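Me: I have a structure open and I'd like to go through parts of it with you. Could you take it slowly, as I'm new to this?

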Amino acid sequence: MPLYFANHAIYGVYKLLVSTPSIELRSFSIPEVWLSTFQEASAQAAKFANDFNVTWGKQNVNITGSSRGDVVTLTMTKEKGGAGFRSLSPFLYGHFSMKMKLIKGNSSGTITAFYMSSQDNYKKWCEIDFEFLGNVSGQPYTLQTNVYIQGVGNREQQIYLWFDPTAAHHTYRFLWNQELIMFFVDNRAIRVFHKATDLGIPYLDYQPMYAIGSLWNGEAWATEGGRIKTDWTQQPFVASYTQWNVSDSCQVQNSTGTAGQHACYEKAHKSSYGQAPNLALTKTQIKYLRWVRKNYVIYDYCTKNATATPECTRNWP
């Protein structure tokens, strides 16, 4: 749903924390043991053609190689539109990460995204999103996350980031297993969605999803609820993706039957992403989630409609 929440108090805290990075650096550290396996896999050079193909806007996609892997640049103009790409195969459970560098300057009306989606291959539409809502120059980007299960979304959370996402590539990651879905920014947990089938809430159990990246014109709602439109005098709008990692996951080998889903479910119980400590929040993740909620959250669907969403009691530690 299109959302706009002008919260000057939160924006003031955002500016203070961004201008004082030592605040968060003094407060938290990331256990090296917890990250070592994933960082080792992430360091491998990623080749676009091995994992993805362009699904639309091919004329707006540029792929260049580097020692750390391919860099995929998406461009959007009024005349040619935007672009998108999708993984060659769907997945069921695992870690999925992407480094992204967002549009500089006035990016109002634009939406740059990295997400997982069942798309057209499966009847029950499921999706988990990182969506970056463009801003007017000088204002912070809004990161919107969402969870769709069996076609039902309306689970938006929005935060400001504690850094400039246009200055360099930063890592955005999903952890998805049989008990929870966790969203990370530069290895900091920013959101968790726990399995709540005991409360009558469906979960993404046997629903394979593709990894997708896109840049498109969302001026109808992206910036201040659509009040500020895309300024085409600022085109071209350019965002880039690199160092993706889908290696610590389960690729569904047969998307037309259920054998692939069963195989991935069994693999989850034998893989690091489907075993402790990844089945529940660690102390460090709890600290980060509380830190994000206190300093950066500008909208939470649970605050708006908690009585209609019983899973909200489990969303924040």
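This is a predicted model: local features need pLDDT of at least 70, side-chain atom pairs count only at pLDDT 80 or more; totals for chains, interfaces and linings use all residues.

Me: ok, so how far does helix α6 reach from its first C-alpha to its last?

Reply: Helix α6, made up of the 13 residues 283-295, reaches 18 Å between those two atoms, which is close to the 18 Å expected at 1.5 Å a residue.

Me: and which residues of α6 are buried?

Reply: The buried ones are Thr 284, Gln 285, Tyr 288, Leu 289, Trp 291, Val 292 and Asn 295. Looking down the axis of α6, these buried residues fall within an arc of 160 degrees, so they line one face of the helix. The face turned away from that buried side carries Lys 283, Arg 290 and Lys 294, which are exposed.

Me: what does Ile 190 touch?

Reply: If neighbours within four places in sequence are left aside, Ile 190 is in contact with residues including Leu 289 and Val 292, as well as Phe 130, Val 185 and Trp 316. Ile 190 is also among the five residues, with Phe 130, Phe 132, Trp 176 and Val 185, that touch the most other members of the largest nonpolar core, which has 76 residues.

Me: new topic: which residue does UniProt list as a glycosylation site?

Reply: The unreviewed UniProt entry lists Asn 135, and this residue sits in the loop between β7 (127-133) and β8 (142-148).

Me: is Asn 135 buried or exposed?

Reply: Asn 135 has a relative accessible area of 8%, so it counts as buried, the cut-off being under 20%. Beyond four places away in sequence, Asn 135 touches several residues, among them Gly 105, Tyr 141 and Thr 223.

How values were computed: Residues are numbered from 1 along each chain as its sequence is written. Side-chain values use heavy atoms; hydrogens and water are left out. Helices (H or I, at least four residues) and strands (E, at least two) are DSSP runs, numbered from the N terminus. The expected span of a helix is 1.5 Å times one less than its number of residues. Buried means under 20% relative accessible area, exposed over 50%, partly exposed in between (1.4 Å probe, protein chains only). The arc is that of the directions from the helix axis to the C-beta atoms. UniProt positions are given in the numbering used here, feature names are shortened, and annotations may be inferred rather than shown by experiment. Contact means heavy atoms within 4.5 Å. A nonpolar core is a set of buried Ala, Val, Leu, Ile, Met, Phe, Trp, Tyr and Cys residues joined through side-chain atoms within 4.5 Å.
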